[in-house]
Amino acid sequence: MTHEPIPAVATPTAEHHREPFGIGESEPRISWKTTAPAGWTQQAYQIEITRTDGTHRTDWVVSEDSVLVGWPLRPLESRERSGIRVRVLGADGTASHWSQALRLETGLLEPADWTARAISPQWPEQPDGERRPPLLRKDFRSGAEVERARLYVTAHGLYEIEINGRRVGDHALAPGWTSYDHRLRYQTHDVTEHLRAGDNTVGAWLADGWYRGRLGFHGGHANLYGDRLALIAQLEIVHRDGTRTTISTDTSWRAAHGPIVSSGLLDGETYDARDERPGWSSPGFDDSGWSPVDIVTRDPATLVAPTGPPVRCTEEITPARVTTLDADRLLVDFGQNLVGRVRITMTGPAGHTVVVRHAEVLQDGELCVRPLREAISTDRYVLRGTDAETWEPRFTIHGFRYAEITGWRGGDPHTHITARVHHTDMARTGWFECSNEQVNRLHQNVVWSLRGNFVDLPTDCPQRDERLGWTGDIQVFAPTAAFLYDCHGMLASWLRDVAVEQHADGTVPWYVPAIPGGPQWTPARPGAGWGDVVTLTPWALYQDSGDTGLLAAQYDSARRWVDLITELADPSGLWNHGYQLGDWLDPSAPPEDPGAGRTDRHLIATAYYAWSARHVAWIAGVLGLDKDRATYEELAHRVRQAFIDAYVLPSGLMTSDTQTAYAIALQFDLLPGPASRTTAGDRLAELVASGGHTIQTGFIGTPPVTAALSATHHVDTAYTLLLQQECPSWLYALKHNATTIWERWDSMLPDGTVNPGEMTSFNHYALGAVAQWLHTTVAGLAAASPGYRDIVFRPRPGGGITWAGAAHESPYGRVAIQWEMHASGIEVHTTVPTGTNARIEWPDGGVTSLATGTTTTWRPERHTERPPLPTRPD
Ligand code: RAM
């Protein structure tokens with residue numbers, strides 16, 4: 001009789017890749033998840049790698065590790081394909097079968113792999129005039145049968161590729177936005193199915209995008225990276241007979257203007273279908289009238305493979321309501337504020353123009369475009385006059401819930417108009433739900449704001465003439481984001497850009513990639529809460545993923561930031577001078593001066609300084625840099641003491657008697673001891689109550705305020721604040737049917753008019769960081785050690801919520817909790833993945849250890865003394 005193995009290993013993953021195809025890591029770290037009976041622990045693992053030179057197996061490696069395990073063989077080479085399987089052995093002697101194989105392929109790892117040059121149409125252009133985007137094409141013969149073919153491609157500007165009349169891939173806005181001078185991403189596509197023996201054609205659309213399109217506020221700037229669009233494409237074909245053909249961009253390509261008249265990320269796109277060139281990307285097309293191309297400069301050493309997924313259309317939404325405004329002018333309400341573009345299908349006479357404008361909100365029944373400032377966000381389609389014509393812009397993107405369509409000639413708008421949602425196609429990893437429908441809607445709004453602002457880089461907002469990688473916004477939101485979506489690959493790339501754009505003195509730009517922003521932002525000045533993205537965000541991501549490699553990659557950047565502040569601070573350790581944004585958008589700040597909050601900006605600056613120093617010490621500790629750890633620990637201690645001396649009064653109250661001051665002092669561990677933590681918590685609760693349980697905090701104070709309350713026995717106050725409906729509050733926006741998180745508490749005023757401030761977005765994730773408190777405290781699901789190797793379920797019921805639940809797809813597998821209140825106690829269902837340790841910490845202070853697997857635990861209501869406050873925040 002054979003004994004069936006019980007543990008089972010799912011297909012492994014490599015690094016943070018969703019699709020490990022064309023990757024840039026030659027030694028990708030491998031992770032796997034095991035399902036096994038309760039109590040099973042991994043004693044050893046074995047990795048098998050099948051690669052070009054055969055199959056290799058490691059010996060059994062005695063280790064409990066299963067997350068980001070080091071590559072065990074010699075490094076992969078460029079274009080190398082491999083299959084990776086894992087099997088595990090339990091401490092109880094049970095072994096799994098081999099997992100399914102992960103198929104992995106590297107891209108071009110060496111600059112010398114690139115034979116393609118950057119090519120640009122030769123025709124003259126006016127750098128500040130209207131420049132029609134080009135098409136580029138090349139015919140070629142493929143002699144022998146095709147075994148496989150890969151396209152490595154990128155551009156100065158944005159691109160889309162067609163081979164033999166068929167689009168390649170489904171990426172949008174490729175190659176994305178990186179610090180182009182230092183890092184330009186290329187993409188790899190399997191184009192085997194596109195090719196045939198004999199005549200073939202490759203064609204490319206190009207457009208301005210971030211490379212040379214108008215970007216930024218106050219009218220913006222064009223040509224930020226250069227004024228010539230260019231394509232870099234290398235098509236490598238392996239034939240059945242073993243021979244190879246490579247088609248690279250070079251001077252043999254031809255260029256012509258295409259049907260796109262103009263395209264800008266902020267401006268929108270104009271497309272004249274009468275100018276289409278049928279068959280242009282297929283063999284047999286006559287390009288004798290097309291122009292030659294020039295070679296332009298691009299150092300192949302700056303070409304990098306993606307670490308995260310591409311931008312894609314992830315959802316289509318049909319109109320919720322269509323109103324005819326007049327004659328042929330429609331107002332379409334998609335029922336959801338989203339980011340993407342509108343696809344229309346219509347029939348009409350040649351030359352007829354349909355105009356699509358976009359807005360997040362209405363005013364007096366019409367689009368309200370004032371908040372877009374100088375983003376025109378208007379698409380135009382000129383009909384070719386044939387049967388049903390379907391069009392969606394290619395190289396622009398808008399933030400909108402409403403579209404106004406002028407010149408509509410289509411059929412039923414409900415079936416002929418679709419909003420196509422676009423963002424980085426990350427895997428969803430986090431969920432939350434509870435008995436309160438309004439809280440659920442708030443949570444959904446956070447998810448939608450995340451989706452709309454994770455479009456290749458983490459942006460502040462997706463609609464107006466801004467859309468920048470603001471450091472402070474993602475700094476406060478990263479823990480929430482990492483719970484909800486697997487954003488590790490995307491943010492690891494962006495953090496590289498932050499590091500390369502960090503100034504020589506350590507200053508972190510306000511937003512990355514940095515572009516000119518007027519005297520307030522350019523040149524950048526060190527700003528607390530914003531620059532701290534380099535210390536706090538790698539750490540936040542590490543908490544979710546357990547990725548020490550990210551810490552190693554970002555360590556220098558983190559350290560340089562803290563070293564800069566040490567130079568700027570006074571000798572005692574206070575960072576008490578210089579420009580600061582403070583508690584940005586504190587609701588007491590006037591609309592035109594969002595930095596004029598009620599909390600002392602330098603109190604905030606010093607708090608962040610201490611917290612960042614502490615983080616550098618922690619990171620150094622993880623990396624085994626013991627000397628640095630000691631140095632930064634000492635620094636953190638000194639700054640903490642300086643903070644206490646300067647801002648905490650002998651009474652335990654603070655010099656800024658504000659919610660933000662107490663919340664960050666509590667959450668950043670900046671109070672001298674348990675007694676002062678109690679005083680601060682009590683005072684915070686008093687301030688929240690005396691403020692009528694409305695919000696009195698901005699970007700800095702809002703993320704920690706509920707957590708600081710619940711950590712100091714004021715969970716009821718936190719719930720009252722959470723459930724407040726009057727402005728300013730989280731739920732106030734729901735009165736105006738908000739479907740995303742707003743930038744301002746009152747982006748829409750109680751009377752239904754749009755806030756007059758020139759900075760009024762309806763899609764900003766920062767204040768949605770409260771969702772992480774919903775996950776960790778309302779539902780009660782948190783990592784107790786990096787990567788959820790230890791899990792703590794700490795539900796804190798309240799606010800009349802009768803049940804709540806959250807789930808997170810952790811590196812070890814699904815973690816979940818669902819609790820329900822009963823008259824006599826609380827019932828908790830938990831799921832704990834193999835390879836982790838978990839416990840429940842009850843509101844009454846009791847602790848229950850959990851086995852792996854799914855468990856139901858019952859806790860009778862107990863009336864005990866309040867447990868003592870922990871001396872430190874969690
Ligand atoms: C605004 C941005 C962003 C914020 C900065 C300081 O322009 O939208 O949210 O970080 O200001």
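This is a predicted model: local features need pLDDT of at least 70, side-chain atom pairs count only at pLDDT 80 or more; totals for chains, interfaces and linings use all residues.
## A walk through the helices and rings

If you follow the chain onward from H10, you come to Asp 669, which has a positive phi near 60°.

Helix H8 runs over residues 601-622, and helix H6 over residues 533-545. Their axes are 9 Å apart, and the two helices pack at an angle of about 50°. An angle under 35 degrees would be called roughly parallel, and 65 to 115 roughly perpendicular; H6 and H8 are therefore oblique to each other. Their crossing is left-handed.

Which residues make this contact? From H6 come Thr 535, Leu 536, Trp 539 and Tyr 542. From H8 come Tyr 608, Trp 611, Ser 612, His 615, Val 616, Trp 618, Ile 619 and Val 622.

An α-helix has 3.6 residues a turn, so residues three or four places apart point the same way.

H8 also packs against helix H7, residues 548-568. Here the angle is about 145°, and the axes are 9 Å apart. The crossing of H7 and H8 is left-handed. On the H7 side, the contact is made by Thr 548, Leu 551, Tyr 555, Ala 558, Arg 559, Trp 561, Val 562, Ile 565 and Thr 566. On the H8 side, the residues are Tyr 609, Ser 612, Ala 613, Val 616, Ile 619, Ala 620 and Val 622. The contact of H7 with H8 divides into 12 nonpolar residues, 3 polar and 1 charged.

Let's move on to the aromatic rings. How many aromatic pairs does the structure hold? There are 34 of them. A pair of aromatic rings is described by the distance of the centres and the angle of the planes.

Take Phe 334 and Phe 400 as an example: their ring centres are 5.8 Å apart and their planes are at 75°, so the pair is edge-to-face. This pair links distant parts of the chain, with Phe 334 in strand E28 (residues 329-346) and Phe 400 in strand E34 (residues 398-406), 66 residues apart.

Trp 611 counts as buried at 14% relative accessibility, whereas Trp 618, with a relative accessible area of 29%, is partly exposed.

Rings can also gather in a group. Phe 217, Trp 470, Trp 510, Tyr 511, Trp 521, Trp 530, Tyr 579, Trp 584 and Phe 699 form one aromatic cluster.

Last, a few details of the backbone. Where do we find cis peptide bonds? One runs from Val 512 to Pro 513, with omega near -5°. Pro 513 lies in the loop between helix H5 (488-501) and H6. Another joins Cys 727 and Pro 728, with omega about -5°. Pro 728 is in the loop between helix H13 (715-723) and helix H14 (732-735).

Then there are residues other than glycine with a positive phi. Glu 15 has phi near 50° and sits in the loop between strand E2 (13-14) and strand E3 (21-23). At 12% relative accessibility, Glu 15 counts as buried. Asn 737 has a phi of about 55° and is in the loop between H14 and helix H15 (770-779). Asn 737 counts as exposed, at 54% relative accessibility.

Methods: Residues are numbered from 1 along each chain as its sequence is written. Side-chain values use heavy atoms; hydrogens and water are left out. Axes are lines fitted to C-alpha atoms, for helices over the stretch in contact, and angles run from 0 to 180 degrees between N-to-C directions. Helices (H or I, at least four residues) and strands (E, at least two) are DSSP runs, numbered from the N terminus. Angles under 35 degrees count as roughly parallel, over 145 as roughly antiparallel, 65 to 115 as roughly perpendicular and the rest as oblique. A crossing is left-handed if the near helix is turned anticlockwise from the far one by less than a right angle, and right-handed if clockwise. Contact means heavy atoms within 4.5 Å. Rings of Phe, Tyr and Trp (its six-membered ring) pair if their centres lie within 6.5 Å; planes under 30 degrees apart count as stacked, over 60 as edge-to-face and the rest as tilted. Buried means under 20% relative accessible area, exposed over 50%, partly exposed in between (1.4 Å probe, protein chains only). Ala, Val, Leu, Ile, Met, Phe, Trp, Tyr, Cys and Pro count as nonpolar, Asp, Glu, Lys and Arg as charged, and the others, Gly among them, as polar.
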